[in-house]
Amino acid sequence: MEERTKSRLRKLPKIDELMLLLEKRDLVRQMPREFVREACRTAVDDLRRRILAADAEEAFSVPDLRTVADGVEERLADLRSPRLKRVVNATGVILHTNLGRAPLSREAVRRVAEVAGGYSNLEFDLEKGERGLRYDHVRDLLLVLTGAEEALVVNNNAAAVLLVLNTLAEGREAIVSRGELVEIGGEFRIPEVMEKSGVRLREVGSTNRTRLGDYERAVTEQTGMILKVHTSNFRILGFTEEVGISDLVALGGRAGIPVMHDLGSGCLIDLTPYGLEHEPTVREVVASGADVVTFSGDKLLGGPQAGIILGRRESLEQIRRNPLNRALRIDKLTLAALEATLAAYLEPDRALQEIRVLKSLTETLDAVRKRARRLMTLVRRSGLEGITLVLRSGVAMAGGGSLPARDIPTWLVGVKMAGLSPSSLGERLRRLPLPVVVRIADEEVLFDVRTLDESDLHAVRDALRTVSAT
Ligand SMILES: *Cc1c(COP(=O)(O)O)cnc(C)c1O
């Protein structure tokens, strides 16, 4: 080892010396010593790594004791402030997977807070005074809203798919079209989930065309299920053919094999009157007679992360009793939010107003434009200097693997700030205590107003004010 490096390592602060300094500071005095010692150790280890990584010739000065102690104190202080926090979504991606997908309605938030802060009848039948089922809180709503015979909810839709496959087809084959072997994102690929569920994949047809005959020929003694998967985040266009769920249900009936449809997003309201692409509603799919239908709680439904399983009574009873269900079960906060979200759908007009995802998707372009104008007025009135605002038309996106083929028209406010590149403006907005996440295109920061609600407008104005003042 180079002499320079050795001498730098000798200058590393000692843990005990750091502790002596830190124990005099208020923030640290209340914390158990092990926590502080651990933080000191991490800081010194980091420093040692940096010294070893640095070239001996490079200028590198080992910080003094006080500086390292300040760093440790800052890190401990940081732990107290939330890392998971609200952000303002100005990207125009309505179901933004990285920004927490669907924001809950006000009522759903209220119900979560109410249930979270106390005891609840989660698994207690208040009428009979005996043990109840957690699923019962949303069951009746789901049956009314979808026409299904029975309903069950789990942690998310990936869990729903895993659980259904494992219950109904473990050790046997599930027939799936090659055009539907989708990857939903990162770790969710249909073939891999199947393998984990103990079901063998029996691919049929080709990427772009699969016919009923392909399914028919694949049915053997080994077949445990016919599975149809919504392609969610992509479309195959051109020379294509797929088999509708009704034909698969008929085939399943003839062969005595259950048919499952993983709908992915699962829409309860027909959105075509609002200019959106036709998506069969959950009710339509249930009516087609599929034995099991699964979809997410936090995609087009606009509620909390959850997996909803609908279908025939016998199948669902089997699924509920699968020990895997215990590992994938839904928690009480999710249930509270899901119940409130579903209840809003009893009055579809109310759902379109209260459920933010639906509101963002269906709001008229004119209403978006008016809000964009209000944002511009708010910012202009705050008298910021060196800022230019432009109103632009553009396209927003549904995101979250739903309605991929349809552009949603929107209005954006383009912002330029003198002396700040768009990427530094974007970065500063992201680093605020209430971060604002924007789009950047053509040397301009863009605020897509379709994903901003009225109260976000003030937050954006304040964010721009703070950035311009620093
Ligand atoms: C999104 C999606 C899933 C996974 O749902 P999560 O709620 O994210 O677990 C599964 N299947 C399809 C078809 C999907 O679109």
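Student: What volume does the largest pocket have?
Tutor: A word on the source: this is a predicted model, where local features need pLDDT of at least 70, side-chain atom pairs count only at pLDDT 80 or more, and totals for chains, interfaces and linings use all residues. Residues are numbered from 1 along each chain as its sequence is written, and side-chain values use heavy atoms, with hydrogens and water left out. A pocket here is an open set of points on a 1 Å grid over the protein atoms alone, where a 1.4 Å probe fits, with protein on both sides within 12 Å along at least five of seven lines. Filling the points, joined across faces, edges and corners, with probe spheres gives the largest pocket a volume of about 1,200 Å³.

Student: Which element gives the most to the lining of the largest pocket?
Tutor: Lining residues have an atom within 4 Å of a pocket point, and there are 35 of them, with R86 and R356 among those nearest the centre. Elements that give two or more residues include α6 (106-116) and α20 (454-469); helices are DSSP runs (H or I) of at least four residues. The one that gives the most, with four residues, is α17.

Student: How many residues surround the ligand?
Tutor: A residue counts if one of its heavy atoms lies within 4 Å. The closest include R101, S232 and D262. In total, the residues surrounding the ligand number 13.

Student: What distance separates a polar side-chain atom of K299 from an oxygen atom of the ligand?
Tutor: A polar contact is a pair of N or O atoms within 3.5 Å. A backbone N or O atom of N157 lies 3.1 Å from a ligand oxygen. For the polar side-chain atom of K299, the distance to a ligand oxygen is 2.8 Å.

Notes. A polar contact is a pair of N or O atoms within 3.5 Å; within protein, one must be able to donate a hydrogen and the other to accept it, and residues adjacent in sequence count only if both atoms are side-chain atoms.
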